[in-house]
Amino acid sequence: MFTKRLTVIGAVCTAAALALTGCSSESSAPEGENQSSTSEATGTADRGPITFAMGKNDTDKLQPVIEKWNADHPDEQVELKELAGEADAQRETLVQSLQAGSSDYDVMALDVIWTADFAANQYLAPLEGDLKVDTSGLLPATVESATYQGKLYALPQNTNGQLLFRNTDLVTDAPANWAELAESCKGLDKDCLTLQLKQYEGLTVNTTGFINGWGGSVLDDSEQPAVETDQAKEGIQALVDGYADGTIAKASTSATEEETNLAFTEGNTAYAINWPYMYTNAEKAGINFEVTPLVGKDGTGVSTLGGYNNGININSKHKATARDFIEFIINEDNQASFADASFPPVLASIYDDATLVEKYPYLPALKESLENAKPRPVSPFYPAISKAIQDNTYAAITAGKSVDDATKDMAAAITQASK
């Protein structure tokens, strides 16, 4: 149900066909303050026509929402401005406009990993005061992804979470934790678990999942590296050991989401970690399977979050309309339409809709995954953090680098990036 493209757009820098697990850009630090955005947002009560900028790969999900808004708001029409399909090109277009102090884009659909960067550069109007929005009905992890230094800078629009797919012809019962998963694969004549360990953003996503799933984190509350804690090291060690002992398929170090999809839908692996788009593919392939949340050290694991957050340009001349429009996107009808369009909603209640669950049986598992999910490190230096994780984890998995050395070098690179 969730199309392939959900795994790339800004969420994972994978092949261009994937979308929404979190692409990183080449930037590793804030670009410098936008001269026209150094003060708090002004004109928050102004209304009128606005523009909505979004990568073209997913605008078909928003077009019906925009049409409904425009039908009811003749004096506050929303104009869709499609950006490139590639995440880096989207970001470049937006940053160039924002650095120039332009109001060309009133509302911007931002990859979850861009939100902190744009907030740190004062490109976004904080959602407070006149712009305050109610986030109580949203999945908490999505709100966390839109929050920087304790302040909400964007409103979550849609999300994504990883699932553990299990071929029930190969493994009957769902594992309760990582140890049970490894034990269940003993004696199989197939690969046990396939996931994305190729040296790209997918490796960051899965490494972060192991760190979080063992009780660690990449950054602490003060945005300092936390990868040298015992919990973070234990998570990375579990990943390294799993690859070494065959629990994790050797093919994983050359796998993106699509190679993982093919391995599972062709019946070549007992388990796979992937995004929900693979559910329909597995059904069409005739695989007998079930989906559950990821597993960690002691139970339910931690998925890395994907998705878009909608931010308001600090220079927008019609911020009141912009605020109402982004809130309109998360109403129940529009969020239900996202579920029907294989675009994971951020409104928690949608996942409990009996009609939708009957149509899309994976929704309860996806909700549990999202309830336990964490965003990637919320930092304006995220691209450099991702590279540090990729470089050192890959060396630990494939080249025998010790986890102690890998996390030491990872922490040093993260620290250097923030200077």
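How many residues has helix α2, and what distance does α2 reach from its first C-alpha to its last? The points below begin with that helix and then turn to other parts of this predicted model.

1. Helix α2 runs over residues 87–99 and has 13 residues. From its first C-alpha to its last it reaches 18 Å, close to the 18 Å expected at 1.5 Å a residue. After α2 comes Gly 101, a residue with a positive phi, near 75 degrees.

2. The buried residues of α2 are Ala 87, Gln 90, Arg 91, Leu 94, Val 95, Ser 97 and Leu 98. Because these residues cover an arc of only 165 degrees around the axis, they lie on the same side of α2. An α-helix has 3.6 residues a turn, so residues three or four places apart point the same way. The partners against which the buried residues of α2 pack are the strands β1 (50–55), β2 (78–83) and β3 (107–111), together with helix α3 (115–120).

3. For the protein chain as a whole, the secondary structure comes to 15 helices and 11 strands. Of its 419 residues, 59% are buried. Among contacts between residues at least 6 apart in sequence, 74% join residues at least 24 apart.

4. Helix α6 (201–213) also has 13 residues, and its end C-alpha atoms are 18 Å apart, in agreement with the 18 Å it should span at 1.5 Å a residue. Is α6 enclosed by the rest of the structure or open? Since 13 of its 13 residues are buried, α6 is largely enclosed. Gly 215 follows α6 and has a positive phi, near 90 degrees.

5. Gln 199 is found in the loop between β8 (191–194) and α6. Its relative accessible area of 37% makes Gln 199 partly exposed. Leaving aside residues up to four places away in sequence, Gln 199 touches Gln 390, Asp 391 and Tyr 394. Its C-alpha atom is separated by 9.1 Å from that of Ala 255, a residue 56 places away along the chain.

6. Helices α7 (residues 230–244) and α15 (residues 403–417) have axes that come within 10 Å and cross at roughly 125 degrees. That angle makes α7 oblique to α15, and the crossing is right-handed. Where the two helices meet, α7 contributes Lys 233, Ile 236, Gln 237 and Val 240, while α15 contributes Val 403, Asp 404, Thr 407 and Met 410.

7. Lys 367 belongs to helix α13 (residues 363–371). Is Lys 367 buried or exposed? With 15% relative accessibility, Lys 367 counts as buried, because buried means under 20% relative accessible area. Apart from residues up to four places away in sequence, Lys 367 touches Ala 348, Tyr 351 and Asp 352.

8. Two backbone angles deserve a reader's attention. Most residues other than glycine have a negative phi. Gln 122, although not a glycine, has a positive phi of about 60 degrees. This residue lies in the loop between α3 and α4 (140–145) and, at 24% relative accessibility, counts as partly exposed. Glu 223 is not a glycine either, and its phi is positive at about 65 degrees. The loop between α6 and α7 holds Glu 223, which is partly exposed with a relative accessible area of 27%.

Methods:
Residues are numbered from 1 along each chain as its sequence is written. This is a predicted model: local features need pLDDT of at least 70, side-chain atom pairs count only at pLDDT 80 or more; totals for chains, interfaces and linings use all residues. Side-chain values use heavy atoms; hydrogens and water are left out. Helices (H or I, at least four residues) and strands (E, at least two) are DSSP runs, numbered from the N terminus. The expected span of a helix is 1.5 Å times one less than its number of residues. Buried means under 20% relative accessible area, exposed over 50%, partly exposed in between (1.4 Å probe, protein chains only). The arc is that of the directions from the helix axis to the C-beta atoms. Contact means heavy atoms within 4.5 Å. Axes are lines fitted to C-alpha atoms, for helices over the stretch in contact, and angles run from 0 to 180 degrees between N-to-C directions. Angles under 35 degrees count as roughly parallel, over 145 as roughly antiparallel, 65 to 115 as roughly perpendicular and the rest as oblique. A crossing is left-handed if the near helix is turned anticlockwise from the far one by less than a right angle, and right-handed if clockwise.
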